[in-house]
Amino acid sequence: MSNSFRKSALAMALCLVAAGARAELSICVSLPLTGPASGLGIPIQNEMKLWPESIAGEKLKVVVLDDATDPTKGVENARRCVTEDKADVVIGSAATPVAVAMAAPIAEAQTVQLMMSPAIVPPGKDAWAFRLPQSNLVMAHAVIEHMKKSGVKTVGFLGYSDAYGEGWLQSFQAEAAKIAPDLKLVDVERFARSDTAVTGQVLKLVSANPDAVLVVASGSGAAMPHIALKDRNYKGKIYQTHAAASRDLVRVGGKAVEGGYVVAGPAVVGDLVPASNPSKKLAMDFLALYEKAYGPGSRNQFAAHAFDAELVLEKTVPVALKAGKPGTQAFRTALRDALENIGRTPVSHGVLNYTKEDHWGFTMDTGVMLKVVNGDWQVE
């Protein structure tokens, strides 16, 4: 074989290797911009509009798709992301059932998925999926500790009949068994995200008369069951999950949600958490950025997840670039490895520390309990 032939063959091989490489970092996003979970997706998209033009010197190409809160559409979006767009990172969905459905095709393509919901997938199936929201277990811990402190002995459950509702129910029961074995779940009621009334479920809960009711719903949709409980003269405590930690709950619920409790990450109340909180500065950075763009009081749990996604990428992309350029499998694999070795990383919603065994990241002391007082948040 002649030297010239060897050189030509080597040059061709190098071209083939580099063919997939790009001069930009491709991020494909699937969010519920319409449908029942649009109140979650729209703030995330709004925050992404504030992202920088580049990360680690790589220009960002961000494509945002609407999954309409529909798992089937989410799967279609996921497949487009990894085939047509050849994304380096897929973000989404904010709707838990959609995020779960998206996980399989993204994992098959060996591409990192940054989930915008606390989606639970079967063991071993989340090798490429990392959650930005706190796990249901972490947030249930904060809720149960508050219930114990408040003397709650019996609880009723009123939640979505989907992956988010069931995930919260399982996590709440598991954590209660560990730290509050005397806490009794006296009634479990479910409803669909698209339901406009929960009269039958509320009548059963009021009849059971628990000390507290845990409502598991999201965005403005979380106000409807809360209002229904108050309309039926329920006198006990009402708790909401982190998917309800937005001003939409207060705006839609009005006086009915006064005195209600909501568990959230510190980003929602960065100005209220103590200076000792490791997320204080970043939460304040998020609040300043988001409320400058969208107005006072526009802060919410969901936009902060997108803020944190940028922080995570800022830390891990430079590491992945040492292994390959965007557009290559070497880069995507190195990005996953960098996430699994990210180490203790403060973000606006707490402190992340992903590992190979733990793609949830947040610790049990992350949740902040809030109370609605005079139409605003008060830290408990």
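**Cavities and salt bridges in a predicted model**

Student: How many cavities of 30 Å³ or more does a search of the whole structure find?
Tutor: Keep in mind that this is a predicted model. Searching the whole structure for cavities of 30 Å³ or more gives a count of 2.

Student: Which helix gives the most to the lining of the largest cavity?
Tutor: Let's start with the space itself, which has a volume of about 110 Å³. Its lining is made of 15 residues, and L40, M116, P118, A243 and F302 lie nearest the centre. By class, the lining holds 8 nonpolar, 6 polar and 1 charged residues. The top contributor, with 3 residues, is helix α11 (residues 301-320).

Student: And which helix gives the most to the lining of the second largest cavity?
Tutor: This cavity holds about 30 Å³ of space. The residues around it are A103, I106, A107, Q113, K125, D126, W128 and A129, and they divide into 5 nonpolar, 1 polar and 2 charged. With 3 residues, the leading contributor is helix α4 (residues 96-108).

Student: Are R190 and E166 buried, exposed or partly exposed?
Tutor: Buried needs a relative accessible area under 20%, and exposed needs one over 50%. R190 has 39% and E166 has 24%. Because both values fall in between, R190 and E166 are each partly exposed.

Student: Where do D271 and R299 lie?
Tutor: D271 forms a salt bridge with R299, and their closest N and O atoms are 2.9 Å apart. The pair links distant parts of the chain, 28 residues apart. D271 is in the loop between β11 (261-264) and α10 (280-294), and R299 is in the loop between α10 and α11.

Student: Which residues do salt bridges with shared partners join into one network?
Tutor: The side chain of R299 also meets that of E291 in a salt bridge, 2.8 Å from N to O. Both E291 and R299 are buried. Through shared partners, the salt bridges join into one network D271, E291 and R299.

Conventions. Residues numbered from 1 in each chain as written. Predicted model: local features only at pLDDT ≥ 70, side-chain atom pairs only at ≥ 80, totals over all residues. Heavy atoms only, no water. 1 Å grid on protein atoms, 1.4 Å probe; cavity = no way out; pocket = protein on both sides within 12 Å on 5 of 7 lines; lining within 4 Å. Points joined across faces, edges and corners; volume = space filled by probe spheres on them. Helix = DSSP H or I, 4+ residues; strand = E, 2+ residues; numbered from the N terminus. Nonpolar A, V, L, I, M, F, W, Y, C, P; charged D, E, K, R; others polar. Buried < 20%, exposed > 50% of the residue type's maximum accessible area, 1.4 Å probe, protein only. Salt bridge = Lys/Arg side-chain N within 4 Å of Asp/Glu carboxyl O.
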